[in-house]
Amino acid sequence: MRKLPAHVVDYLLIALCLYPDDDYEEVAEKLTSMLASMPGARWEAPTRGAITQARQRLGPEAVREVFRQMARPAATESTSDMPATAWTPAYDAERRVRPGAWVAELTGLLDLTGWPKGMRVIVRKERPHPGARLRLTDLDGHRIAYFVTDAQHGQPADLELRHRRRARAEDRIRCAKDTDLANLHDFAQNQIWLEIVALACELLAWMQMLALRGTAARRYEPKTPAPAAVRRGRTAGTRRRRLRLRIAARWPWAHDILTALTRLQALPAPP
């Protein structure tokens, strides 16, 4: 039985649009990660070559039909016809005006019949950052994003900032998956494995907060690719059964690494 019948390839194409920055294997893994945890299931995510062949078998007509039925602009008539005075500048994490980003509330312009009482619809438009790939849902060079909230108080800019800060939690979830959170087995093994993954995530998070603050490494993730210079700048050796890390003095990251080690050594011992 094929892993990628036609309807699964359709789902995969839609998912590729939702995750434009991920490669074929990563998107396929997101779609099928839960199958591996099912009792008795023997599932492996398809390879890049298998996905390419499946897309070729599918042909262009099926893709056009999926696009015809699924493609919808993120911006509606309500968005495009809003007066300029309805938009207010968005904030960054420091509550300063965020250049190139605006927010507005659409609640009074939409028919929310059937929605929970008190729901509010907030929309953000922003200019994509340099180098970003444009999407079919972009409007007039702006990226449009919506969210709903039941918060009765608060200005749109404040609510949008609170919503965007939630991305930190999503980043931690992604890092946990990159630390093999998705590599699950039976229930008993999962209990032990989840403890190990949680410990690894806590070590990474606390090390970045305590030792790497003020450096680019503060935002590094488990899958952040290491440049060739990083691999060439340090070597490991053993002496008297101790592992020693040798760091080249002219290595670009030498200062950050030594600063991090100094900060860690200066921390008080736990009680």
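Me: Arg164: buried, exposed or in between?
Reply: Arg164 counts as partly exposed, at 22% relative accessibility. Buried means under 20% relative accessible area, exposed over 50%, and partly exposed is in between (1.4 Å probe, protein chains only).

Me: What does the Arg164 side chain meet in a salt bridge?
Reply: Glu160, at 2.7 Å from N to O. A salt bridge here is a side-chain nitrogen of Lys or Arg within 4 Å of a carboxyl oxygen of Asp or Glu.

Me: How are Arg164 and Glu160 placed in helix H5?
Reply: They are four residues apart, so about one helical turn separates them. Helices (H or I, at least four residues) and strands (E, at least two) are DSSP runs, numbered from the N terminus.

Me: What's the Arg124 to Glu160 distance?
Reply: Their salt bridge is 2.9 Å, N to O. This pair links distant parts of the chain, 36 residues apart: Arg124 is in strand E3 (residues 120-126) and Glu160 in helix H5 (residues 156-165).

Me: Are those two buried or exposed?
Reply: Arg124 counts as buried, at 16% relative accessibility. Glu160 is buried too, at 0%.

Me: What are the ground rules for the model and the numbering?
Reply: It is a predicted model: local features need pLDDT of at least 70, side-chain atom pairs count only at pLDDT 80 or more, and totals for chains, interfaces and linings use all residues. Residues are numbered from 1 along each chain as its sequence is written, and side-chain values use heavy atoms, with hydrogens and water left out.

Me: How many salt bridges in total?
Reply: Nine. Among them is Arg96 with Asp92, where the closest N and O atoms are 3.4 Å apart. Arg96 counts as exposed, at 52% relative accessibility.

Me: Strands now. How do E1 and E2 pair?
Reply: Antiparallel, over three bridges, with E1 at residues 88-91 and E2 at residues 97-105. Two strands pair if DSSP finds at least two bridges between them. Tyr91 stands opposite Val97 in E2.

Me: Which residue in that hairpin has a positive phi?
Reply: Arg95, near 65°. The hairpin has five residues between its strands.

Me: And E2 with E3, what sense?
Reply: Antiparallel again, over five bridges. Trp102 has Lys125 in E3 as its bridge partner.

Me: Where does Thr149 lie?
Reply: In strand E4 (residues 143-149). Thr149 is buried, with a relative accessible area of 9%.

Me: What does Thr149 touch?
Reply: Gly118, Met119, Arg120, Leu159 and Arg162, leaving aside residues up to four places away in sequence. Contact means heavy atoms within 4.5 Å.

Me: Which helices each supply at least two residues of the nonpolar patch?
Reply: H7 (187-211) and H9 (254-266). H7 gives the most, with five residues.

Me: Where is Met207 found?
Reply: In helix H7. Met207 counts as partly exposed, at 35% relative accessibility. Met207 is one of the patch residues. Patches take residues with over 30% relative accessible area and no salt bridge; like charges are joined within 9 Å, nonpolar side chains (Val, Leu, Ile, Met, Phe, Trp, Tyr) within 5 Å.

How values were computed
Accessible areas come from the Shrake-Rupley method with a 1.4 Å probe; for residues, only the protein chains shown count as cover.
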